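Good morning, colleagues. May I ask you to look at the structure on the screen while I describe some of its parts?

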Amino acid sequence: MAIIDVTRFTKAVPQSEQDVKRFKFLMEEANDIRIAVFGKYNHGKSTLLNTIIGKDVFKTSDKRETVKNQTHQYQNVIWVDTPGLDADVTGQDDKEARNGAFTTADVLFLVHNLKSGELDKYEVNYYRSLMAQKKDYQKRMFLILTQADQVTPEQLNQVVSVIKKQLPELTTFVVSATRYAKGVIENKPPLVERSGMTALFNLVTSLNTEIKNLRKVEITTLKQRIQTGLERNRDLVRKELHAAREKIVLMQQQFSDDVSSFTTQVQSKI
Ligand SMILES: Nc1nc2c(ncn2[C@@H]2O[C@H](COP(=O)(O)OP(=O)(O)OP(=O)(O)O)[C@@H](O)[C@H]2O)c(=O)[nH]1
Ligand SMILES: [Mg+2]
C-alpha cells in the first residue's frame, strides 16, 4: 500500500491535518482498537486500567505518576495511559493531547474521582472541546467516575446527579477499583458487584465489535472530507492563478502602452 505523506497532504489542505493523520493511522497502522484514558492527575486513571487488564501494568501512586503516554495490549485492545490534565503552566501539553486525542484512540474514558466532587470548569470545557471533534462522540467517549468507596452513598448520589447535569450527553459509569480488588481477593461477589466494574467490562466487550464498524464509516467520511478539502483548495489556487494571469496581461498592456507613448514623445522631439 502506498504510504500516505502527511506533510505533503497537509500542505495542500492545512485545515485537514488531523483528518489526514487519522486516515493514515487507520489505513496503515490500525489493527487492534485503542482506548485512552483522560483526566486530571491522581484521579485513578492508571489504577482503572490495571483493574481492567487484571495486572499492575501501569505505575500508580498518590503523587503525579504518569508523565507521558504509555500503552499496553490486552486481549484485542491497546490501552493508552496518559499524564494528568492541567499539569503544565502554559496548558500546551493539554492542547496537544486534545488535538491528537482521536488520531490514534478510538475511544476515550474520561476519568474523574468522586471524592473531588463535581467536574470543575476546566474538565467540562476540555471534555466539551473533545466532544466537538467527533459527531459520534456518544459512542466514543464515556465518563468513568472512580473511587466510589471514598464517598458516602449520599455524597455519591448528590455528586453523580450534578455531574450528569454537567455532561448529560455522555454515558456515565460509577466504579471503585479498590472494592473490586477486595471482592476478588476475598472472594466476595457482592463487593465485586458493588464495584461497578462488571458494567465496564461489558462495555469493553461491546466496544470490540462496535469500533470495527465505526472505523469503516470513519474511513469513508475521512476520505470524502479530505477529498472535498483538496478540491476546494485546488479551485482556490486556480482562481488565484487566473487573477494573477489577468494582472500580468494588464501589466504587459500597461508596459507596451508606456513604451509606445515614450517612443512617440521621443520621436516628436527629434
Ligand atoms: N480508595 C481508592 N483509591 C483509589 C482508587 N483508584 C485509585 N486510587 C488511588 O488514587 C491514587 C491515584 O491513582 P493513579 O491511578 O495513580 O492516578 P492517575 O490518574 O493515574 O494519576 P497520574 O498518573 O499522576 O495522572 C493512588 O493512590 C491509587 O491507589 C479507588 O477506586 N479507590
Ligand atoms: Mg497515572
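This is a predicted model: local features need pLDDT of at least 70, side-chain atom pairs count only at pLDDT 80 or more; totals for chains, interfaces and linings use all residues.

Let me begin with helix α3, in which K45, S46, T47, L48, L49, N50, T51 and I52 are buried. Eight of the nine residues of α3 are buried, so the helix is largely enclosed by the rest of the structure.

What do the buried residues of α3 pack against? Their partners are the strands β1 (33-39), β3 (77-81), β4 (107-113) and β5, together with the helices α8 and α10. After α3 comes G54, which has a positive phi, near 85°.

**From α3 to α8**

Two packed helices are described by the angle between their axes and the distance between the axes. For α3 and α8, the angle is about 30° and the axes are 10 Å apart. Angles under 35 degrees count as roughly parallel, and α3 and α8 are therefore roughly parallel to each other. The crossing in which α3 passes α8 is left-handed. On the α3 side, the contact is made by T47, L48 and T51, and on the α8 side by A177, Y180 and A181. By class, four residues of this contact are nonpolar, two are polar and none is charged.

Helix α8 itself covers residues 177-185, and A177, R179 and Y180 are buried in it. Where do these buried residues fall when one looks down the axis of α8? They lie within an arc of 160°, so they line one face of the helix. The buried residues of α8 pack against α3 (45-53), and also against β5 (141-146), α9 (189-194) and α10 (197-269). Just after α8 there is a residue with a positive phi, N187, at about 50°.

**Helices α2 and α10**

Helix α2, residues 17-29, packs with α10 at an angle of about 135°, and their axes are 10 Å apart. The two helices, α2 and α10, are therefore oblique to each other. Their crossing is left-handed. From α2, the residues D19, V20, R22, F23 and L26 make the contact, and from α10 the residues R215, E218, I219, L222, K223, R225 and I226. How many residues of each class does the contact of α2 with α10 have? There are six nonpolar and six charged residues, and no polar ones.

**Two individual residues**

F9 belongs to helix α1, residues 6-12. Is F9 buried or exposed? A residue is buried if 20 or more other C-beta atoms lie within 10 Å of its own; F9 has 20 such atoms, and is therefore buried. Leaving aside residues up to four places away in sequence, F9 touches I4 and V20. From C-alpha to C-alpha, F9 and K21 are 9.6 Å apart in space, and they are 12 residues apart in sequence.

T172 is partly exposed, with 15 other C-beta atoms within 10 Å. Again not counting residues up to four places away in sequence, T172 touches L143, L145, I163 and K164. Between T172 and Q73 there are 99 residues in sequence and 24 Å in space, C-alpha to C-alpha.

Thank you for your attention.

Key: Residues are numbered from 1 along each chain as its sequence is written. Chains are lettered from A and ligands numbered from 1 in the order in which they are written. A residue is buried if 20 or more other C-beta atoms lie within 10 Å of its own, exposed if 12 or fewer, and partly exposed in between; C-beta atoms are placed from the backbone. Helices (H or I, at least four residues) and strands (E, at least two) are DSSP runs, numbered from the N terminus. The arc is that of the directions from the helix axis to the C-beta atoms. Two residues are in contact if their C-beta atoms, placed from the backbone, lie within 7 Å. Axes are lines fitted to C-alpha atoms, for helices over the stretch in contact, and angles run from 0 to 180 degrees between N-to-C directions. Angles under 35 degrees count as roughly parallel, over 145 as roughly antiparallel, 65 to 115 as roughly perpendicular and the rest as oblique. A crossing is left-handed if the near helix is turned anticlockwise from the far one by less than a right angle, and right-handed if clockwise. Ala, Val, Leu, Ile, Met, Phe, Trp, Tyr, Cys and Pro count as nonpolar, Asp, Glu, Lys and Arg as charged, and the others, Gly among them, as polar.
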